[in-house]
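Have the sequence and the 3D view open as you read.

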Amino acid sequence: MWTRHRAWIVVLLLGGALTVLAACGEETPADNLETRVSKVEEALKGIQAQLEVPTPMPQPTATPQPSATPQPTPSPQPTATPMILEGVATTPPQSLEATVNAENGLNVRAEPTIEAEVLQVLDHQQEVLLTGRSATSGDAEWVELQGGGWVQSQYMVFN
């Protein structure tokens, strides 16, 4: 918008300058033209100087100072979440070691069910290693032994 106003001001000033020049005294045609052109050029330079607004220089900005390096926050530890694999849940064990707590021994079965074949009988207080897999059959929770086979977890003490 300001540029449009400036353009009109220039037109009006040039028109006024030409009117002033036309009112100047009579000269020879050659002198008249050269003189008028010079006066118009001078008038134009004066008008341009008045209209020119200096371009503002960008002000330097302060360079931000580096802030303290943020310290990492501890990540929450994952909780044991069972994953279902073909009907068997895999729960990350708290310990892979357990002790038999059944006074008369504990049946190790081929599958996590009381109908499955008995592979062996573990002695009372016998220590075993677990795979970390578990399964539920009926109301019983089963854990898998590293050597193979399944035992009911209610008869185990997890170390």
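Let's begin with Arg133, which is partly exposed because its relative accessible area is 31%, a value that lies between the 20% and 50% cut-offs. Please keep in mind that the model you are looking at is predicted.

Which residue forms a salt bridge with Arg133? The partner is Glu144, and the closest N and O atoms of the two are 3.3 Å apart. Side chains of opposite charge can pair when their charged atoms come close. Glu144 counts as buried because its relative accessibility is 15%, under the 20% cut-off. If you search the whole structure, one salt bridge is what you will find.

Is Ser134 buried or exposed? Ser134 is buried, since its relative accessible area is 9%. Its side chain makes a polar contact with the side chain of Glu141, at 3.4 Å.

## His124 in its loop

Now move to the loop that runs between β5 (118–122) and β6 (127–137), where His124 sits. At 33% relative accessibility, His124 counts as partly exposed.

What does His124 touch, once neighbours within four places in sequence are left aside? Its contacts are Val100, Asn101, Ala102, Glu103 and Gly105. For Gly105, 19 residues away along the chain, the C-alpha atom is separated from that of His124 by 5.1 Å. With Ala102 there is a polar approach to look at as well: the backbone oxygen of Ala102 lies 3.1 Å from a polar atom of the His124 side chain.

## Gln125, the next residue along

The side chain of His124 also makes a polar contact with the side chain of Gln125, at 3.0 Å. Like His124, Gln125 lies in the loop between β5 and β6.

The backbone of Gln125 deserves a look too. Most residues other than glycine have a negative phi. Gln125 is not a glycine, yet its phi is positive, at about 70 degrees.

Technical notes. Residues are numbered from 1 along each chain as its sequence is written. This is a predicted model: local features need pLDDT of at least 70, side-chain atom pairs count only at pLDDT 80 or more; totals for chains, interfaces and linings use all residues. Side-chain values use heavy atoms; hydrogens and water are left out. Helices (H or I, at least four residues) and strands (E, at least two) are DSSP runs, numbered from the N terminus. Buried means under 20% relative accessible area, exposed over 50%, partly exposed in between (1.4 Å probe, protein chains only). Contact means heavy atoms within 4.5 Å. A polar contact is a pair of N or O atoms within 3.5 Å; within protein, one must be able to donate a hydrogen and the other to accept it, and residues adjacent in sequence count only if both atoms are side-chain atoms. A salt bridge is a side-chain nitrogen of Lys or Arg within 4 Å of a carboxyl oxygen of Asp or Glu.
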